[in-house]
Amino acid sequence: MSFQSVQLHLWWRILALELLLLGVQSFGLSTDGVLLLSFKYSILGDPLSVLQSWNNQDQTPCSWNGVTCGSPGADNTYSRVTGLSLSNCQLLGSIPANLGMIQHLQNLDLSNNSLSGPLPFSLLNATQLRFLDLSSNMISGYLPETIGRLQNLELLNLSDNYLAGTLPANLTALHNLTAVSLKNNNFTGNLPGGFRTVQVLDLSSNLLNGSLPRDFGGTNLHYLNLSYNNLSGLIPEEFANEIPSNTTIDLSFNNLTGEIPESSLFLNQQTSSFAGNPGLCGQPLRSPCPIPSSATSLPNISAPASPSAIAAIPKIIGSSPATTPPGESATGSTGQDEGGLKPGTIIGIVIGDVAGVAVLGMVFFYVYHYLKKRRNIEANIKKEATTAKDSWSSSSSESRGFTRWACLRKRGENEEDSESTSTGKEAEILDHSQRRTGHHEQNREGTLVTIDGEKELEIETLLKASAYILGATGSSIMYKAVLDDGTSFAVRRIGENHVERFRDFETQVRAIAKLVHPNLVRIRGFYWGVDEKLIIYDFVPNGCLANARYSKSSNPKSKLDLSLHCFNLTGSNYCV
């Protein structure tokens, strides 16, 4: 709907109202009823149909919805309209100017609707008004000085509207006024003083500026809310002279500065009542105000120049009087200087630093221990490789024997001493299938099993063999064992693994031995012991598989077709 159509609609309603006034008088509707009908015709929307009962054919409006009637005086023999209450009715429209012409109107409540337009000044002609509540609407304009006519007014609630301008000075002259709420508007200017009868005053969320008045009054005040304004300056001590000490006040989120007066009124408030004022300090905020130091008080003493790092260190309790100005002695003695750190904060920082250094020390110690252990392992491997290389090139190394089989030697000697007693025991352990597939030699600590090969392996034969280190992979070491008759075998000494039972170890080794491929070396046997596990292969004199696989030689004979499938058994990698 355009603005021209709305304006035309309003003119039509005014014309209809004039015709209505002429018509209803002929039917006998009272003057109060005619004035109320003007309000009905100023409403553009009534979704709840609260004005449907307002009929111009009635002689009196006392039966209409929201209308209250009474006998205001002894001279009145009939009832007059004394109240109109239509709150929370979703009414859309405006307040007509002639609503204030209802002579005996005492209570007007149109709160929580969608009434807009300026506040009609003629409404303030209803001098018998005691309760005026137009809150939570969209009323604009300003509050005129003529509000001083409402000497009977006890409650004024115009909150949550769009009212602007300054607060009228004669608002404090209404001696019967006890509750005022003008919050959430756009009022500007200074805060008036001289409130004597008001008990509840809420002027929060406006644009009031200036300072707090010294003659504010507030003898009967119980609640005062001036938060979310632009009030500035100091809080004068006289402001709280007449306000009772048990009054609740809220001065938060303004621009007030300075020390809060130490009166019982302010000491009884919570710290949130002064929040949002960065310049405030004092006992109610539990934030002591800094004591300014004057340069004229120390004419013969000049402050020594100090680096910025030293200047940032908090003052220490019991500092030397010679370096502490007299104006700062009280602050330095308590250790609560506003610019310094509290002892608890300093202790927390020190503990955090110590804990951080301890954690870093533990990390460095762990890394150092790990690197040292790794270097020791590499050094041992290099040492063993060097020893093997020397023994390989020395001709006298042939007489060393099978030096790596210390456990086999010990077990071999024990076997010679108890050969007569172990023969019967061996016969009980060996079964028919084991005799057919290979020969076992077992004592109480280990078992030597021959799996495949023309030559039957014996512990004594291995004990007399010469051993040379060929290399190491992971936790296992490969040796070359040369028997007395010149036969060579490759022996792998297996390190730590997860096979704890002889049957499981034998099953895995036999599974590997069944694999036949040109690139796989045949397994001839194995030795099982609690602390020693060996696998015996044919010795291949043409180097290792890694050299053949990764050699950069141009000789095509040195190249192998390594289309292999790899797997892991008994802790070692095998490829087919």
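**Exercise 1. Is Cys69 buried or partly exposed, and to which residue is it joined?**

Solution. Cys69 has a relative accessible area of 24%, so it is partly exposed. The classes are as follows: buried means under 20% relative accessible area, exposed over 50%, and partly exposed in between, with a 1.4 Å probe and protein chains only. This is a predicted model, in which local features need pLDDT of at least 70 and side-chain atom pairs count only at pLDDT 80 or more, while totals for chains, interfaces and linings use all residues. Residues are numbered from 1 along each chain as its sequence is written, and side-chain values use heavy atoms, with hydrogens and water left out.

Next, the partner of Cys69 is Cys62, to which a disulfide joins it with an S to S distance of 2.1 Å. A disulfide is a pair of cysteine sulfur atoms within 2.5 Å. Cys62 is likewise partly exposed, at 28% relative accessibility. Finally, the torsion about this S-S bond is about -105°, so the disulfide of Cys62 and Cys69 is left-handed.

**Exercise 2. Determine how many disulfides the structure holds, and describe the one formed by Cys281 and Cys289.**

Solution. The structure holds two disulfides. In the link of Cys281 and Cys289, the sulfur atoms are 1.8 Å apart. The angle about the S-S bond is 105°, and this link is right-handed. As to accessibility, Cys281 is buried at 11%, whereas Cys289 is partly exposed at 24%. A further cysteine, Cys89, is buried, with a relative accessible area of 9%.

**Exercise 3. Which residues does the annotated leucine-rich repeat-containing N-terminal domain cover?**

Solution. An unreviewed UniProt entry assigns the annotation "domain: Leucine-rich repeat-containing N-terminal plant-type" to residues 30–69. UniProt positions are given in the numbering used here, feature names are shortened, and annotations may be inferred rather than shown by experiment. In the model, the end C-alpha atoms of this span lie 12 Å apart, and the span is 28% helix and 15% strand. Helices (H or I, at least four residues) and strands (E, at least two) are DSSP runs, numbered from the N terminus.

**Exercise 4. Why is strand β3 described as largely enclosed, and which strands pair with it?**

Solution. Strand β3 comprises residues 80–85, and five of its six residues are buried, so the rest of the structure largely encloses it. Two strands pair if DSSP finds at least two bridges between them. With strand β2 (residues 67–70), β3 pairs in the antiparallel sense over four bridges; here Thr68 stands opposite Gly83. With strand β5 (residues 107–109), β3 runs parallel and is joined by three bridges; here Ser85 stands opposite Asp109.

**Exercise 5. State the strand order of the open sheet of four strands, and identify its edges.**

Solution. The order is β1-β4-β6-β8, and the pairing is mixed. The edges are β1 (43–45) and β8 (138–140); each has a single partner strand, so one side of each is left without a neighbour in the sheet. Neighbouring strands of this sheet are turned by 15° against each other on average, direction ignored. Such angles are taken between axes, which are lines fitted to C-alpha atoms, for helices over the stretch in contact; they run from 0 to 180 degrees between N-to-C directions. Strand β6 (residues 114–118) pairs with β8 in the parallel sense over three bridges, and Gly117 stands opposite Ile139 in β8.

**Exercise 6. Which residues of helix α11 are buried, and where do they lie around the axis?**

Solution. The buried residues are Phe502, Phe505, Glu506, Val509, Arg510 and Ile512. They cover an arc of only 155° around the axis, which puts them on the same side of α11. The arc is that of the directions from the helix axis to the C-beta atoms.

**Exercise 7. How many residues separate β25 and β26 in their hairpin?**

Solution. There are three residues between β25 and β26 in the hairpin. Strand β25 (residues 523–529) pairs with strand β26 (residues 533–538) in the antiparallel sense over five bridges. Within this pairing, Phe526 stands opposite Ile535 in β26. Strand β25 is mostly covered, as seven of its seven residues are buried.
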